[in-house]
Amino acid sequence: MNKFVCIHGHFYQPPRENPWLEYVELQDSAYPFHDWNEKINHECYSQNAASRILDSKKKIIDIVNNYSKISFDFGPTLLSWLKKNANEVYQAILDADKQGQKSFSGHGPAIAQAYNHIIMPLANKRDKETQVIWGIKDFEKHFCRKPEGMWLPETAVDIETLEVLAKNAIKFTILAPHQAAKIRKINTDKWQDVNQDSLDTTVPYLCNLPSGNKINLFFYYGPVSHGVAYGSLLKSGDKFAKSLIDIMDDNPEHLQLANIATDGETYGHHHRHADMALAFCLSYIEKNKLATPTIYAEFLEKFPPQDEVKINENTSWSCPHGVERWRSNCGCFYGRYPSGKQQFREPLREAMNYLRDKTASIYEKQMDKFSDDPWEIRNEYIQVVNDRSYANIDKFVPNCIRKKITDDEKVLFLKLLELQRNAMLMFTSCGWFFDDICGIESLQILQYASRAIQLTKEIAGEDLEPEFMSILKKAQVNEEKFKNGKDAYEKLIKSSAIDLNRVAAHLAVSSILEQNPKNNPDIYCYATDIEVYKRLDAGIQILATGRASVRSKIVFEKHIVDFAVLHLGDHNLISAVTPAMNNNEFSKVQENLETAFRSGNTTEVMRLMNVAFSGNNYSLWHLFKDDRRNILYELLDTTWKEIDASFRHIYEHNCTVMEMMQDMKTPLPKALSVPAEFIINQDISKIIQNSDTNIEQLKTLIAQAKRLSLNLDRTKLSFEATRKMNRLAERLKNSPDNIDLLVEIKETLKPLRKIAPQLDLQKAQNILFALAGQKYRNMNKKANAGDDIAKKWIKQFDGLANYLKVKITQKDAD
C-alpha cells in the first residue's frame, strides 16, 4: 500500500512557575482546578493516555494510548510539570514512545521542541542555539534517546533557525504549507513557485542550507488541519478518517503521505472527547486498511525526499503577517479584545530585547571570572535545570569552572546562570499571542523579566528596572484599571517580587499555625530551619519571636534572620524580619517585646517591632498565594462557622415556607434562596468528599435542591464527583473481589450523574475495562462451575459495566 497517514500533535503549555518559588501558583481562572496545567491535563493529556473506542451502541470496546499511534512533541517545561504532578500520565507518554518504536520500524513517535517556545526568527543566534540544545538535552533526559525531529514554536522559521537545527543533528521539522516558496526536483535547475494551494504536502522535501548542511521538511495539509483544529472534523471518528484519506488520490503508483498537524490540546481541551475521535479515526483507518499509519521519521527513512524546497522566511502557522503577531499590532487577535487593540506587543518586545542585551553584557563580563566560554556553560546548564539536587550541582560546577571557588563565588556563578535562564523564559511566545499585556500569559513573562532585573542588581549593582519600565510605559492596555504597561508592571509584578527576607516572613507567619514550628518543611524551593522560637498566647492574641535560616535550593544563597509575629485575631497579623542581630541584642529585643505583650500593650509591641526590625514589616498580603489563601481561611475559621450557623438557621427555619412558596409558584427572595443554596451545595460536597458516602442523604439533598429550584454549583460538584469516582475506582483496583464495593460504586454513581454534568468517568472505566479481561474470565469460569460468590460478583460487575458503558465481549466471558 502506497498510502500513509501521519497525525502530529503539538502538546504545549507555557512555563507557569513563579520564578521565585519554582511552583505554579493558584490560578483562579482555572476553577475548580488549581491551575491551567492541572485543568488541561485532566481534559486532554490524561484522556489521550487512555482514550476510549466505542461501538455503535456507545459502549467501550477498547482503550488505547493515542500517543503511541501519532507523531507528537511535548513542551519541555510542560513535560517536567507532568513528571512532578501527573506522573501516571508522564509515564504513559514515555511508554507510548517505546511502544511506537515497535510499530514504526524502531523510530519513536516523540520529537523534541525548542525549549520554552520562543519565536525563533525573532531571537538572536545565541538564544536559538541554546533553545535547540536545551530542547535536545531535555528530550534525551526524558526519552533516553536522541530526537530525530524538532517542533519549531508556532512553526516560526528562518534560515538561521534551520541551520541551528541541522548543526545539532536534527533531521526534520514540520511547517505549514504557505511557508514553502519554491520547489524543484533534486539535481535539477528549474525552480517552481508554490503556495499553500499548489504545494504537494504528501511528500517530504529537502532544504539545502547556505552552510552546506541539509534538513528535511514536511508540510502539513492545511484544510484538514484547520478542520480538526476548529472541531468540524471531530464530530465523528469515521468522518475524521475519511477526510485524511481524501487528501490522497487513488493512483496506486503514487506514493503519498496524508499528514496534518494541530495543537495537541485540540484533542480534549479545545474540543471535549476529541481524543476519542482521534482514537476511532486511527482504528477505522487500520481496520479498513485505508492507509498505513506512520510517523515522520519512519516515512523519511523509507522514502527519502525526491524534491528540494526553499522556504518563506519569517513566517509561522498562526499569523498570516509572518511573525508580526509577536512584535507588532498586526491585527491578529484571540478574541477577548477587538482586532487592532494589541498595541502592547511592540513596546513589550522592545523592553524584553533591551533587557536581554543588557543582561547578556553583564553575564559575559561577570562570567569571565569563571570561564572563557560563558555561552557554552549556559548551553550545559540544562543539566542543572533538570536536576536541582545538591549532588548534581556540586558535580556540575567544578566541571565548568577553571579554578576552585568559594561558597560566595558559587552563589554568584549560579545567579548568573539563573539570570540567563529567566532572560530566555521571558521570551515565551504566549506573552504576545493573546490580546492584552494584563493577561496571565503576558504577566508571566513579565515575572521572568522582573526576576532577571533582580538578579542583575544583586550580581552587578546595576538597576535596569527604570529603563525597562520607561519602555513599558509606551504599552497600551485594554484593562481600564491600568494606565499603561508600566502601571500594570508596578502594581501586578514589582510588588510580588520575592527576596529571602520575604521567605523568612512567610516562614514566621506560618509558624504560629504549626504545632511544632521547628519541624517546618521546606518552603517551595527554599530550605528553612527555625533555630530559636518563643511563643506567647493571650486569648486570641499571639506573639512569636525567633531566629531562622533560609537557603535557596536554586542559587544556594543563605540568609539568617531574626523575626517577630504579632497576631491580633482574625486576619490582623503583622510580622517583622531583619538580618540576624548579635545574640545579646536579640535577647533584649525578645525580652522587651514579651514584657509589652504580657502587659497587654499591643501598641508598644508594634512600636518595638518597627524600631528593632528597621521597618521591615510584612502582613498577610505578603504571604505566597496558595498559603495566603489557606492561612486566611484558617484564620477566619470562626467567621466561617458563624456564617454556616447563620445560613443554616435561615434555611432550616424557613424550609417549609420556601416549599410553600414554590407550590404557589412564587419566586424565592434572595434572602432565602442564597442561604439555602450555600447550605445544600456545602452539604452535598461534604457527602461526596466523605469516605463513607451517605447515599440516601445525598439523594434527599438533590431532591430538595430540585424542589426549591436552587442553583447547584455544578462545576465544583462535577470536580468533586470525579475525584470521588476516582477514589472508588482505585479501591476497586486494589480489591477487585469486593462485591459490596461494586454495588457502592454503582449506587453512588446514580445520584452523582444527576448533579455533575461534567463527571469524568475515565479512570473508573479504565479500571473496569482492565478487570473485564482476565479477572472477568476467571470469575466467569468459577460461576459456571457453581461458585455462588462468583455468580454474585458477575451479576454486580455486569450491572456496573452496563452503567459505565463498558462492553463485556464474548471473549471476556469465555
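Is glutamine 342 buried or exposed, and what is its relative accessible area?

## Glutamine 342

In this predicted model, glutamine 342 has a relative accessible area of 0% and is therefore buried. The residue is placed in the loop that runs between strand S14 (307-311) and helix H10 (345-367).

When residues up to four places away in sequence are not counted, glutamine 342 touches Asn329, Cys332, Phe333, Tyr337, Phe434 and Asp435.

## Histidine 571

Another loop residue, histidine 571, lies between strand S17 (558-569) and strand S18 (572-579). Its relative accessibility is 46%, so histidine 571 counts as partly exposed.

Apart from neighbours within four places in sequence, histidine 571 is in contact with Leu620, Leu632, Leu635 and Leu636. In the case of leucine 636, the two C-alpha atoms are separated by 7.0 Å, although histidine 571 and leucine 636 are 65 residues apart along the chain.

## Helices H24 and H26

Helix H24 (residues 670-689) packs with helix H26 (residues 714-734) at an angle of about 15 degrees, and their axes are 9 Å apart. Because angles under 35 degrees count as roughly parallel, H24 is roughly parallel to H26. The crossing of H24 past H26 is left-handed.

On the H24 side, the contact is made by Asn681, Ile684, Ser685, Ile688 and Gln689. H26 contributes Lys716, Leu717, Glu720, Ala721, Lys724 and Arg727.

Key:
Residues are numbered from 1 along each chain as its sequence is written. This is a predicted model: local features need pLDDT of at least 70, side-chain atom pairs count only at pLDDT 80 or more; totals for chains, interfaces and linings use all residues. Side-chain values use heavy atoms; hydrogens and water are left out. Helices (H or I, at least four residues) and strands (E, at least two) are DSSP runs, numbered from the N terminus. Buried means under 20% relative accessible area, exposed over 50%, partly exposed in between (1.4 Å probe, protein chains only). Contact means heavy atoms within 4.5 Å. Axes are lines fitted to C-alpha atoms, for helices over the stretch in contact, and angles run from 0 to 180 degrees between N-to-C directions. Angles under 35 degrees count as roughly parallel, over 145 as roughly antiparallel, 65 to 115 as roughly perpendicular and the rest as oblique. A crossing is left-handed if the near helix is turned anticlockwise from the far one by less than a right angle, and right-handed if clockwise.
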